Amino acid sequence: MILEIVSPEATLFKGEVTSVYLPGVNGSFQILNNHAPIVSTLKQGVVKITANSFKFEKEVAAKFTKVNEQNYNLEIASGTIEMKDNKVIVLAD
């Protein structure tokens, strides 16, 4: 599935991922490939991204924390997520 993370300043990430773990306002949840369509609000916490490979723009790479070769984390203050047609869009603050 495709993940796109957008902040007010820039697009932080866009690429193919295997899973995304998100801090929902009613509890954290994970999205995998072919997940049902969903729209949710996010609270302060960590977005955990799993993928086979990562490619970050130099300007935003410092915002991500590397866990290992296939996992990166991103701290957010709040946001919104939409999953539709195997594309996840996260609008993050």
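1. Asn 86 lies in the loop that separates strands E9 and E10; helices (H or I, at least four residues) and strands (E, at least two) are DSSP runs, numbered from the N terminus. The model is a predicted one, in which local features need pLDDT of at least 70 and side-chain atom pairs count only at pLDDT 80 or more, while totals for chains, interfaces and linings use all residues. Residues are numbered from 1 along each chain as its sequence is written, and side-chain values use heavy atoms, with hydrogens and water left out.

2. Asn 86 is not a glycine, yet has a positive phi of about 65 degrees. Its relative accessible area is 23%, so Asn 86 is partly exposed (buried means under 20% relative accessible area, exposed over 50%, partly exposed in between, with a 1.4 Å probe and protein chains only). Asn 34 also has a positive phi of about 65 degrees without being a glycine. Asn 34 sits in the loop between E4 and strand E5 (38-42), and with a relative accessible area of 61% Asn 34 is exposed.

3. The loop between strand E1 (2-6) and strand E2 (11-16) contains Ser 7, and Pro 8 is found in the loop between E1 and E2 as well. Ser 7 is buried, at a relative accessible area of 11%, whereas Pro 8 counts as exposed at 62%. Not counting residues up to four places away in sequence, Ser 7 touches Leu 12 and Ala 92, where contact means heavy atoms within 4.5 Å. With that same exclusion, Pro 8 touches Ala 92 and Asp 93. Pro 8 and Ala 92 are 84 residues apart along the chain, and their C-alpha atoms are separated by 7.7 Å.

4. Which residues have the most contacts inside the largest nonpolar core? They are Leu 3, Ile 5, Leu 22, Ile 81 and Val 90, in a core of 25 residues. Such a core is a set of buried Ala, Val, Leu, Ile, Met, Phe, Trp, Tyr and Cys residues joined through side-chain atoms within 4.5 Å. Elements giving two or more residues to this core include E1, E2, strand E3 (19-24), strand E4 (27-32), strand E9 (79-84) and strand E10 (87-92). Beyond its neighbours within four places in sequence, Leu 3 is in contact with residues including Phe 13, Val 20, Ile 49, Val 88 and Val 90.

5. Strand E8 (residues 71-76) has Tyr 72, Leu 74 and Ile 76 on its covered face, and Asn 71, Asn 73 and Glu 75 on the uncovered one. In a regular strand the side chains alternate between the two faces of the sheet. Strand E6 (residues 45-50) runs antiparallel to E8 and is joined to it by six bridges; two strands pair if DSSP finds at least two bridges between them. In this pairing, Val 47 stands opposite Leu 74.

6. Strand E7 (residues 64-68) is also antiparallel to E8, with four bridges. E7 and E8 make a hairpin with two residues between them, and Asn 68 stands opposite Asn 71 in E8.

7. Seven aromatic pairs occur in the structure. The rings of Phe 54 and Phe 56 have centres 5.7 Å apart and planes at 15 degrees, so this pair is stacked. Rings of Phe, Tyr and Trp (its six-membered ring) pair if their centres lie within 6.5 Å; planes under 30 degrees apart count as stacked, over 60 as edge-to-face and the rest as tilted. Phe 54 is buried, with a relative accessible area of 18%. One aromatic cluster is formed by Phe 13, Phe 54, Phe 56, Phe 64 and Tyr 72.
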